[in-house]
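Welcome! Please take a look at the sequence and the 3D structure below, and then read on for a guided tour.

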Amino acid sequence: MHAATLSMDYDHPDCRPVLRRIRAQAPFVYGLTNYVAATLSANVLLAAGAAPAIGAAPGWPAGFGGQAGAMWVNAAGLINCTARDMLDAVDAANAAHVPWVLDPVAMGAGVGEYDAIIRTLAARTPAVVRGNASEVVALAGGAATARGVETTASIAQAVPMGQALTRSHQVIVAISGPEDHILAPDGRHIIVPGGHPLLTRVTGAGCALGGLVAAALATVPKESDRLVAVAAVHALYARAAEIAARDAGGPASFATGFVDALSRLQDSATAGADV
């Protein structure tokens with residue numbers, strides 16, 4: 001199926017209602033992520049109005065996986081939890097019809113045992129796969145080789161592979177880069193411009209984005225509305241980065257300013273300018 005490619009920034013009329021729903025509903029979002037990214041992920045979710053819980057304390061994966069409004073699984077969380085924890089959380093989420101996001105961090109970096117676990121998770125029907133270009137190419141079966149957690153593939157290489165992945169797994173695929181590409185199995189394709197290069201200088205910024213995508217999914221009752229919600233989250237993330245970069249002296253002050261900017265984003269077109 002061929003569908004039009006759309007562009008969406010935070011001034012698009014469909015964007016602010018997504019943030020407004022997150023703030024109004026304060027969804028419980030459960031995450032399995034790595035200890036490097038956990039603090040920023042929690043702070044990003046709190047700034048947007050969600051209620052996060054992160055980690056694999058005894059009973060949490062199977063318990064919270066089925067209780068949350070949505071969940072995200074960051075594959076690099078395997079440095080501090082087990083594959084069994086992740087599978088228990090995913091199985092509980094699927095049984096309770098809880099949508100979840102898979103972030104295939106470092107997929108394709110040349111570690112076969114690790115990649116095999118990600119493929120097992122991807123086969124368990126996530127609602128969204130969110131990653132960088134190399135990760136998406138590798139998960140789709142391509143030959144991209146990541147450099148650790150950093151991408152070496154281009155967006156031009158990743159988009160056709162992402163489109164193949166959406167069809168083979170019936171999943172929304174979000175590819176982060178200089179501009180973000182959000183792809184759906186029915187052929188819809190949304191490009192989100194903007195953002196700032198300082199996002200790539202802050203540890204865990206992409207990981208936290210996966211958590212925020214999950215928060216949006218928790219507020220969307222219809223699967224047909226998920227693509228726009230995912231794109232809207234990328235757009236608000238980009239706008240917050242642009243605001244934070246104005247006064248940032250470097251990556252550290254940018255990270256703090258970014259969380260502040262997320263908390264101050266206006267969720268209504270009549271509420272005034274974002275500052």
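The report below goes from the sheet to the helices, and then to the salt bridges and the surface.

This is a predicted model, in which local features need pLDDT of at least 70 and side-chain atom pairs count only at pLDDT 80 or more, while totals for chains, interfaces and linings use all residues. Residues are numbered from 1 along each chain as its sequence is written, and side-chain values use heavy atoms, with hydrogens and water left out.

Helices (H or I, at least four residues) and strands (E, at least two) are DSSP runs, numbered from the N terminus. Two strands pair if DSSP finds at least two bridges between them.

Strand 4 (70-74) is joined to strand 5 by four bridges, and the two run parallel. Here asparagine 74 stands opposite aspartate 103 in strand 5. Strand 5 (residues 100-103) also runs parallel to strand 6 (residues 128-132), with two bridges joining them, and leucine 102 stands opposite valine 129 in strand 6. From strand 5, Trp100 and Leu102 point one way and Val101 and Asp103 the other way, and all are buried. Buried means under 20% relative accessible area, exposed over 50%, and partly exposed in between (1.4 Å probe, protein chains only).

Further along, strand 7 (residues 172-176) and strand 8 run antiparallel and are joined by three bridges. They form a hairpin with three residues between them, and valine 173 has leucine 183 in strand 8 as its bridge partner. Strand 8 is also joined by four bridges to strand 9 (residues 189-192), again antiparallel. In that pairing, isoleucine 182 has isoleucine 190 in strand 9 as its bridge partner. The hairpin of strand 8 and strand 9 has five residues between the strands, and glycine 187 takes a positive phi near 100 degrees there. From strand 8 (residues 180-183), Asp180 and Ile182 point one way and His181 and Leu183 the other way, all of them buried.

**The helices**

How many of the 11 residues of helix 2 are buried? Eight are, so helix 2 (residues 38-48) is largely enclosed by the rest of the structure. Among these buried residues are Leu40, Val44 and Leu45. Just after helix 2, glycine 49 takes a positive phi of about 105 degrees.

In helix 9 (residues 226-247) you will find alanine 235, which is buried with a relative accessible area of 2%. Not counting residues up to four places away in sequence, alanine 235 touches Met8, Asp9, Tyr10, Cys15 and Val192; contact means heavy atoms within 4.5 Å.

**Salt bridges**

A search of the whole structure finds nine salt bridges. A salt bridge is a side-chain nitrogen of Lys or Arg within 4 Å of a carboxyl oxygen of Asp or Glu. The table lists some of them.

| Residue pair | Distance, N to O |
|---|---|
| Arginine 84 and aspartate 88 | 3.0 Å |
| Aspartate 91 and arginine 124 | 2.9 Å |
| Glutamate 242 and arginine 239 | 3.6 Å |

Arginine 84 and aspartate 88 are four residues apart in helix 4, and therefore separated by about one helical turn. Arginine 84 is partly exposed, with a relative accessible area of 45%.

Within helix 9, glutamate 242 and arginine 239 are three residues apart, so about one helical turn separates them. Arginine 239 is buried, at a relative accessible area of 14%, whereas glutamate 242 is partly exposed at 30% relative accessibility. Asp11, Arg16, Arg239 and Glu242 are linked in a network of salt bridges.

**A nonpolar patch**

Finally, Tyr35, Val36 and Ile79 make a nonpolar surface patch of about 330 Å². Patches are made of residues with over 30% relative accessible area and no salt bridge, where like charges are joined within 9 Å and nonpolar side chains (Val, Leu, Ile, Met, Phe, Trp, Tyr) within 5 Å. Accessible areas come from the Shrake-Rupley method with a 1.4 Å probe, and for residues only the protein chains shown count as cover. Isoleucine 79 is found in the loop between strand 4 and helix 4 (83-95).
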